[in-house]
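Please consult the structure shown below before reading this briefing.

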Amino acid sequence: MRAPLKLLVPGTLALASCGGTPTPQASEQPTVTVIQGRVTSASGTGTVSVTELAGTSAATSSNGSFTLTLPQDSALSARTQGAAQVMSNLQCAGSLSSSDTSARGYLVANMQVSDGAGTRTVSAVRGSKPGLLSRSVDGRAWLYVDKDTYLSGTVDCAKLLNVSQIASLPVQIAVKAKAGWNVVALKIDASASLLGQVSAGGSVVNATDGSAQSEWRTSEELQAQISF
């Protein structure tokens, strides 16, 4: 996937670690065949689509709700890559350990929406402010693999946040991927320091509520949720 999810945080933000990131735990979760979502910035009816996958689109209602049917094997064969490399689609550097090195995968992390407000990129992300100087970002992505494999390891997702003060952002991966479409949950935690110290960390695991409706936002909406 060449159109990565970009979690754009205000460039003036100084972040500091609020503690060590616990080791993530993979879990058995069912695969899915559709994405149930809602575009939070909807303006009338429109469409959402995965630009790299021809025909993968769905109509949006006036409140932004949609049900997008995910493509199956034959439509994905030309787009898959080694499963150990799929996190590169989130602008994360480094490769993972894959229990089946022959497994191939594809990651959907964002989509294009077109409606009365124009055409824009949206991602299934949500920001929050757990404390005065702390911020969290939660997101989902849809991971296809052509055979069962366990993905584990740590990648550097500093480019994902796009914050100049963060030179390194370790994200631990622990995903039990089953053949088909798996929903994975991304979580990044950070906190600001008056001294300008900078650090953040995160994890990607199987989403326990993968079939629930997801909210899709622009990077500008995310910035508004986590700005100081």
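**Briefing on the predicted model**

Three bridges connect strand 1 (residues 34-39) with strand 16, and these two strands run parallel. This is a predicted model, in which local features need pLDDT of at least 70, side-chain atom pairs count only at pLDDT 80 or more, and totals for chains, interfaces and linings use all residues. Residues are numbered from 1 along each chain as its sequence is written, and side-chain values use heavy atoms, with hydrogens and water left out.

**The open sheet**

- Val39 has Trp216 as its bridge partner in strand 16.
- An open sheet with mixed pairing is formed by three strands in the order 4-1-16; strands (E, at least two residues) and helices (H or I, at least four residues) are DSSP runs, numbered from the N terminus, and two strands pair if DSSP finds at least two bridges between them.
- Strand 4 (65-69) and strand 16 (214-216) are the edge strands, each pairing on one side only.

**Helix 3**

- Ser219, Leu222 and Ile226 are the buried residues of helix 3 (residues 219-226), where buried means under 20% relative accessible area, exposed over 50% and partly exposed in between (1.4 Å probe, protein chains only).
- These residues lie on the same side of helix 3 because they cover an arc of only 55° around the axis, the arc being that of the directions from the helix axis to the C-beta atoms.
- Glu220 and Ala224, on the other side of helix 3, are exposed.

**Thr60**

- Thr60 belongs to strand 3 (residues 57-60).
- With a relative accessible area of 6%, Thr60 is buried.
- Beyond its neighbours within four places in sequence, Thr60 is in contact (heavy atoms within 4.5 Å) with residues including Val39, Thr45, Ser65 and Phe66.
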